[in-house]
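The stops below are arranged for following in order.

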Amino acid sequence: MYKQFVSNTSFSYGEISPILFGRGDFDAYKYAAMTILNMDVIQTGDIKRRDGLRFIDHLPSRAKLIPFEYSAEDFFLLCFMDLSLYIYDKNYKMIACLTSPYSYQHLCNIKWVQKGNQLYIVHKDVEPKVLKYYPLEDKWLFDDWNFVIKENGASAQPFNRFDDVKDISITPSGLEGEISLTASHDLFDESFNDIKLFLNSGEVEIFEIETPLKAKAVVKSKLANMETSYDWKEQAFSHKRGFPNSITFHQNRLVIGGAKSLPNRLWFSKTADYFNFDLGEGRDDEAIEFDMLSDKVNEIVCVFSGKHLQVFTSDSEWMVSGYPLTPSQVVLKQQTKIGSISDRFLPPKLVEGSTIFVAKNNKEIREFFYGDINDSYSSEDLILFSSHMMNKPLEQDYDTSNRHLYILQSDGSISVLLKNKITGFNAWFRYNTDGEFISLSVLAGRLHVVVKRDDKYCLEVFDDTLFSDSATEFSFDVGIDTLTGLSRFEGKSVCINCDDYVFEAIVMGGKVDLPITSKHIIVGIPYMHLFAPLPLLVSGVKPPKLLRLFDICFRVIDTPLLQVDTGDGLRSLTCLDFDRDNILNQSIPLFNGDIHIKAKGLVRNFELPLWKIQSSKPYNLTILNISYTVGIVR
């Protein structure tokens with residue numbers, strides 16, 4: 001037997017996939033782990049127990065969260081449910097409940113962009129809306145998109161000649177007022193009601209269908225003549241044709257990317273006039289529109305404003321350049337051929353100058369970044385070494401304060417990426433809870449989630465002062481020995497911190513008896529953190545028969561409790577016995593320094609870790625360095 005010393009000073013690659021457990025030649029192997037669950041890799045490469053979850057409110061159903069930041073001091077959390085919207089202020093008080101046009105089936109694919117006090121929302125099957133906030137009146141409401149009406153009475157909305165009616169002509173009976181429209185072939189049905197047509201240099205709006213060949217209309221802007229015309233157009237967005245599929249703001253224009261019946265078309269509003277899409281005479285500030293033409297129809301999934309306008313389609317990624325963008329100075333170039341998910345919306349996120357998006361294969365998190373030398377974009381897979389963490393992702397958001405990208409998975413877990421280009425960190429780790437995460441959103445530097453616990457839906461927020469989930473704090477002027485009001489925990493095992501005395505109990509009848517009289521109490525659901533190292537790779541031709549762990553040292557900071565399994569069960573270290581009478585009503589003691597452990601573990605199955613850190617106790621844990629000595633028998 002000979003000994004080998006191992007030191008882990010950083011976990012900058014986080015948890016990596018089991019398919020790499022034999023690749024010790026990768027640099028990533030030296031700075032990675034087998035499992036990092038409910039622990040964060042922080043920006044210095046250390047690991048700590050993740051924050052707990054503070055309970056905010058019960059929700060009546062599944063929900064989707066969207067942030068709304070009006071100012072640095074005024075921000076709101078929008079909680080979309082089936083045909084309803086709850087709005088919470090920064091103190092998590094519900095301040096409005098609105099009827100919403102979006103059913104739960106729509107919510108996975110609504111797209112939005114905020115401008116000042118307005119949130120523009122689109123879905124290809126729902127008439128586009130603007131959610132408006134009036135701060136002086138403290139009022140919220142949904143409004144329709146109202147396109148500009150020009151001086152001649154015509155609307156400045158996009159019109160299009162659709163292929164399925166290109167062989168049909170229309171003849172008007174007059175130039176203004178109420179007129180009849182006669183089609184050369186069957187055309188008109190109930191779907192044409194309220195549709196506007198651009199005909200003979202004028203605009204008409206249909207208000208009555210008489211026969212498939214004839215309809216009544218009112219003239220909005222005077223027609224130039226009453227000639228039969230094949231060159232008529234209908235409004236691009238309608239209940240008949242569908243509505244915009246994605247939106248953003250770029251160079252002070254509202255950009256619409258694709259629509260249900262026009263999936264590969266781009267529209268740019270007039271500069272600083274967001275509901276004016278009149279092409280006019282092609283002057284620099286006037287509207288722009290064009291199709292994205294290639295060897296196949298590229299359904300636009302998302303438009304994103306970065307250094308350039310980035311267009312993500314079902315098959316590839318594009319760049320629209322031109323500064324400023326004008327009808328005569330706009331260049332469209334295909335960049336990469338990865339493709340994005342189209343059946344649900346995961347908004348791309350700007351991370352350190354790159355745009356992060358989820359590939360259409362549901363297996364890759366791609367970094368889309370611009371190179372000045374080649375004047376083009378490239379795309380790299382950020383989750384190649386941790387591909388096991390991808391499970392049909394549903395949502396994503398980014399927190400700039402801690403450089404964490406959060407990706408909600410369909411199994412109810414959250415995969416987290418810590419990315420830092422300066423240090424080279426690309427660390428993945430995971431969160432789970434008692435239940436499943438349903439939705440997530442970062443607002444004011446805090447991650448908010450909807451969690452399904454049993455058959456109930458809870459709105460919660462990660463809180464660095466808590467170390468249990470769905471937690472609630474109680475404060476009393478006079479100490480109590482029985483805590484009531486816990487019906488939402490009925491029958492559950494909870495962890496309770498009463499004036500720094502920590503214990504576990506099962507809630508019965510909505511209450512628990514406290515071992516001491518307490519004024520400040522925190523009650524929450526325990527969650528387990530788990531850290532396990534990668535299998536030790538031993539150099540040499542002949543593989544070892546067994547490994548023996550001799551000793552291990554953890555360097556910790558601000559840590560009251562460390563529970564470690566070195567092969568003979570969990571051992572609790574660094575903390576005092578919290579049940580001892582002499583520390584009741586005192587602060588929980590924290591430990592800073594090195595913790596040395598003599599170990600006894602033998603490993604013959606090299607898929608198992610030599611040791612692991614595991615605990616569901618509600619205490620902070622921060623580890624700076626881990627080193628250990630291993631005996632090797634060949």
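A search of the whole structure finds 5 cavities of 30 Å³ or more; a cavity is a set of points, on a 1 Å grid over the protein atoms alone, where a 1.4 Å probe fits but cannot get out. The model is predicted, so local features need pLDDT of at least 70 and side-chain atom pairs count only at pLDDT 80 or more, while totals for chains, interfaces and linings use all residues. Residues are numbered from 1 along each chain as its sequence is written, and side-chain values use heavy atoms, without hydrogens or water.

Select the lining of the largest cavity, among them Val301, Phe312, Arg344 and Phe357; lining residues have an atom within 4 Å of a point. This cavity holds about 90 Å³, a volume being the space filled by probe spheres set on the points. Strands β27 (300-305) and β32 (354-358) each supply at least two lining residues; strands are DSSP runs (E, at least two residues) numbered from the N terminus.

Next, select strand β23 (residues 247-250). Ile247 and Phe249 on one side, and Thr248 and His250 on the other, are all buried (under 20% relative accessible area, 1.4 Å probe, protein chains only). Strand β24 (residues 253-257) pairs with β23 in the antiparallel sense over 4 bridges; pairing requires at least two DSSP bridges. Ile256 in β24 is the bridge partner of Ile247.

Move to Pro324 in strand β29 (residues 317-326), where the peptide bond from Tyr323 is cis, with omega near -5°.

Finally, select Asp454, in the loop between β40 (446-453) and β41 (456-463). Its phi is near 60°, a positive value in a residue other than glycine.

Key
On a 1 Å grid over the protein atoms alone, a cavity is a set of points where a 1.4 Å probe fits but cannot get out, and a pocket is an open set with protein on both sides within 12 Å along at least five of seven lines; lining residues have an atom within 4 Å of a point. Buried means under 20% relative accessible area, exposed over 50%, partly exposed in between (1.4 Å probe, protein chains only).
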